[in-house]
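Welcome to this short briefing on a protein chain. Please take a moment to look over the sequence and the 3D view before reading on.

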Amino acid sequence: MAVACGGSGGGSGDETKAGPATLRFSWWGNAERAELMQKAIDLFQSKNPEIKVTPSFQEFEAYWQKMATETAGGNAPDVMQMDFAYIREYSDRNALYDLKKQDGKNLELGDLLEGLKGAGEIDGKLYGVPTGGNTWGYIYDPALFAQAGVAEPKEGWSWDDYRATLKTIADKTGVSGGGNYVGSYYNLELQLRQEGGLLYTEDGKLGFDKARLKKFMEEGKALADGKTVLPIEKGVQIKPAFALEQKLVAGDLGWDNFMSRYAKANPGLKLGPVPTDKPGTSGQYLKPSMLLSVSQKTEHPAAAAKLVSFMVNDPEVGKIFGANRGLPPTNAQRAAAQLEGPLAAVAAYEDDLKDSFGKTPPAPPKGAGTLEQAFIRITEELQYGRITVDQAVDQFFTEAEETLGS
């Protein structure tokens with residue numbers, strides 16, 4: 001993604017006074033989010049009549065194409081929705097404003113959930129504030145566990161326990177025990193964090209070597225060969241649907257807020273602990289579902305920061321959005337959001353984990369999104385049996401070197 005370097009920007013207006021100002025505000029989403037966003041903007045403007053907000057939105061892919069073009073042309077919106085996968089790319093090119101300059105003035109960060117504090121910080125500067133968060137979890141169907149005669153997951157169950165449980169369920173019910181966790185590098189990240197490691201280091205390199213990736217891929221190949229997990233051809237066939245919402249698996253590891261989507265088709269689902277070989281160390285953390293950033297080129301940094309602060313702190317905004325942007329990022333917004341059903345279960349799950357969450361990892365390096373797609377493609381080929389584990393490992397590291405320069 002081409003992003004031009006911004007100039008000094010951010011200083012042409014008064015950095016402490018929030019108005020009068022006109023702000024361009026861009027985000028990705030659909031018509032539903034646009035309607036909610038307009039309600040939130042109207043509320044902001046009613047309370048801050050000296051600030052006018054001009055909104056625009058696109059679908060995710062079109063949004064990033066437009067963002068790259070506008071930023072390269074020095075015409076980025078004042079306030080922009082930011083993805084965790086892209087924040088380092090934009091900050092590295094000096095395209096984002098350091099919001100620490102507004103902390104305690106026009107931006108309040110004190111009520112952020114503990115796990116989200118500092119999530120948009122890079123090299124001591126704050127380039128984004130989370131508008132929501134979620135964590136990796138285990139979503140499962142207790143009815144299939146009961147049918148197979150196996151206990152529901154308990155805190156501290158090991159990866160061996162997890163694989164054995166999936167095998168028993170598959171053998172006794174005819175339903176696949178789960179998806180193959182080798183297909184997502186967030187499962188690799190989970191294991192690495194449980195071991196005290198990281199997926200990416202602070203300086204943007206891979207946080208693991210070939211031997212560690214080989215171990216992970218061998219686990220996935222064994223699950224596929226043992227017919228314990230959903231066959232890859234079936235998983236590919238149902239995309240973009242998920243196996244859990246089609247009742248094709250007994251459980252799966254994934255982002256906890258997906259529970260609300262799965263539960264529409266499978267209302268009996270539960271959230272349980274992730275497997276770990278180090279009891280007391282889950283490896284979980286709160287990941288920003290999305291963030292708000294301010295352009296380095298903005299003429300109105302104070303007004304922009306005030307809009308960001310309102311969007312993450314105002315209780316009424318929390319009520320408007322509910323979980324549309326992920327579960328709300330501050331205590332005040334979560335209390336106001338009136339979460340019900342599956343979303344209430346997700347909120348309770350995260351509340352139970354809040355004291356054990358690890359530190360949010362560093363923002364991923366430029367090219368991380370491309371590398372994640374390569375990981376998915378390569379592990380699919382492995383599960384089809386078209387390549388060996390060693391070939392899969394070599395392919396990934398070759399692509400990582402080309403993408404990350406490491």
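Which residue in S3 does Phe 25 stand opposite? Phe 25 stands opposite Val 79 in S3. Keep in mind that this is a predicted model.

**The whole chain**

- The chain contains 15 helices and ten strands.
- A compact globule with 406 residues would have a radius of gyration near 22 Å, and the chain agrees because its own value is 22 Å.
- Along its principal axes, the C-alpha trace spans about 65 × 45 × 35 Å.
- Of the 406 residues, 56% count as buried.
- Among contacts in the chain with a separation of 6 or more, 76% come from residues 24 or more positions apart.
- The accessible surface of the chain is about 16,900 Å², and carbon and sulfur atoms account for 49% of it.

**The sheet of five strands**

- This open sheet has the order S2-S1-S3-S10-S6, and its pairing is mixed.
- Strand S2 (51–58) and S6 are the edge strands, each pairing on one side only.
- From one strand to the next, the twist averages 15 degrees.
- Strand S1 (residues 21–28) pairs with S3 in the parallel sense, over two bridges.
- Strand S3 (residues 79–82) pairs with S10 in the antiparallel sense, over four bridges.
- For Asn 134, the bridge partner in S10 is Lys 287.
- How many of the residues of strand S10 (residues 287–294) are buried? Eight of its eight residues are, so to speak, tucked under cover: the strand is mostly covered.

**Helices across that sheet**

- Helix H1 (residues 31–47) lies across S1, S2, S3 and S10, and it runs at about 175 degrees to S2.
- Helix H10 (residues 301–313) lies across S1, S2, S3, S6 and S10, with an angle of about 45 degrees to S1.

**The sheet of three strands**

- Here the order is S8-S7-S9, in an open sheet with antiparallel pairing.
- The edges are strand S8 (251–255) and strand S9 (270–272), each of which pairs on one side only.
- Neighbouring strands of this sheet are turned by 40 degrees against each other on average, direction ignored.
- Strand S7 (residues 136–140) and S9 are joined by three bridges in the antiparallel sense.
- One of the residues to look for is Tyr 140, whose bridge partner in S9 is Lys 270.
- Helix H13 (residues 341–353) lies across S7 and S9 and runs at about 15 degrees to S9.

**The nonpolar cores**

- In soluble globular proteins, nonpolar side chains tend to be buried together.
- The largest nonpolar core in this chain has 68 residues, and those with the most contacts inside it are Leu 206, Phe 208, Leu 213, Met 217 and Phe 396.
- Helix H15 (residues 389–404) gives the most to this core, with seven residues.
- Which residues is Leu 213 in contact with, leaving aside its neighbours within four places in sequence? They are Leu 188, Phe 208, Phe 375, Val 393, Phe 396 and Phe 397.
- A second, separate core has 35 residues, including Ala 21, Ala 40, Leu 107 and Leu 126.

**A loop residue to look up: Phe 84**

- Phe 84 is found in the loop between S3 and helix H3 (87–92).
- Is Phe 84 buried or exposed? Its relative accessibility is 4%, so Phe 84 counts as buried, since the cut-off for buried is under 20%.
- Phe 84 and Lys 287 are 203 residues apart along the chain, and their C-alpha atoms are separated by 8.4 Å.
- Leaving aside neighbours within four places in sequence, Phe 84 is in contact with Ala 119, Lys 287, Pro 288, Leu 291, Thr 360, Pro 361, Pro 362, Ala 363 and Pro 364.

Definitions and conventions: Residues numbered from 1 in each chain as written. Predicted model: local features only at pLDDT ≥ 70, side-chain atom pairs only at ≥ 80, totals over all residues. Heavy atoms only, no water. Pairing = 2+ DSSP bridges. Axes fitted to C-alpha atoms, helices over the stretch in contact; angles between N-to-C directions. Contact = heavy atoms within 4.5 Å. Rg over C-alpha atoms; globule rule 2.2 N^0.38 Å. Buried < 20%, exposed > 50% of the residue type's maximum accessible area, 1.4 Å probe, protein only. Areas by Shrake-Rupley, 256 points an atom, 1.4 Å probe, with all protein chains shown as cover. Core = buried A, V, L, I, M, F, W, Y, C linked by side-chain atoms within 4.5 Å.
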